[in-house]
Amino acid sequence: MEKYSSYKSGLKIGDYVHYEYNCIFTAFVERSLILDRKHLFTKETRWGERSFFEYSVYNNGNVKKIRTQDMRIINCERTS
């Protein structure tokens, strides 16, 4: 069985993610639940193929959209 790669395939719906969110002027750490995802594009890198997504996330009673380019995953807990 092959290990799931969020680098290649993105985060799954239902994942609870601890990540660093990079805004224009600042960066902060958040924990959110992935509600929905939309594939934007795929790019070939020297480490392999990487997919980029736009995620709808639930955090502190709010739903917002974030993109793969604006986040660095620290830890991810899978629901299944």
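These legends describe close-up views of a predicted model.

**View A. The largest pocket.** The space inside comes to about 160 Å³. Its lining consists of Ser6, Tyr7, Leu11, Arg50, Tyr55, Thr68, Met71, Arg72 and Ile73. Two or more of these residues come from each of α1 (6-9), β3 (48-59) and β5 (71-77). β5 contributes the most, with three residues. Five lining residues are nonpolar, two are polar and two are charged.

View B. Nonpolar side chains tend to be buried together in soluble globular proteins.

**View C. Surroundings of Tyr55.** Beyond its neighbours within four places in sequence, Tyr55 contacts Gly10, Leu11, Ile34, Asp36, Arg37, Lys64, Lys65, Ile66, Thr68 and Met71.

**View D. Salt bridge between Arg78 and Asp15.** The side chains meet at 2.3 Å, N to O. Arg78 sits in the segment after β5 and Asp15 in the loop between α1 and β1, so the pair ties together parts 63 residues apart in sequence. Asp15 is buried, at 1% relative accessible area. Arg78 is partly exposed, at 33%.

**View E. Salt bridge between Glu20 and Arg72.** The closest N and O atoms are 3.4 Å apart. Glu20 lies in strand β1 and Arg72 in strand β5, 52 residues apart. Both are partly exposed: Glu20 at 23% relative accessibility, Arg72 at 46%.

**View F. Salt bridge between Asp70 and Arg67.** Here the N to O distance is 3.6 Å. Asp70 is buried, at 19% relative accessible area, whereas Arg67 is partly exposed, at 36%.

Conventions:
Residues are numbered from 1 along each chain as its sequence is written. This is a predicted model: local features need pLDDT of at least 70, side-chain atom pairs count only at pLDDT 80 or more; totals for chains, interfaces and linings use all residues. Side-chain values use heavy atoms; hydrogens and water are left out. On a 1 Å grid over the protein atoms alone, a cavity is a set of points where a 1.4 Å probe fits but cannot get out, and a pocket is an open set with protein on both sides within 12 Å along at least five of seven lines; lining residues have an atom within 4 Å of a point. Grid points are joined across faces, edges and corners, and a volume is the space filled by probe spheres set on the points. Helices (H or I, at least four residues) and strands (E, at least two) are DSSP runs, numbered from the N terminus. Ala, Val, Leu, Ile, Met, Phe, Trp, Tyr, Cys and Pro count as nonpolar, Asp, Glu, Lys and Arg as charged, and the others, Gly among them, as polar. Contact means heavy atoms within 4.5 Å. A salt bridge is a side-chain nitrogen of Lys or Arg within 4 Å of a carboxyl oxygen of Asp or Glu. Buried means under 20% relative accessible area, exposed over 50%, partly exposed in between (1.4 Å probe, protein chains only).
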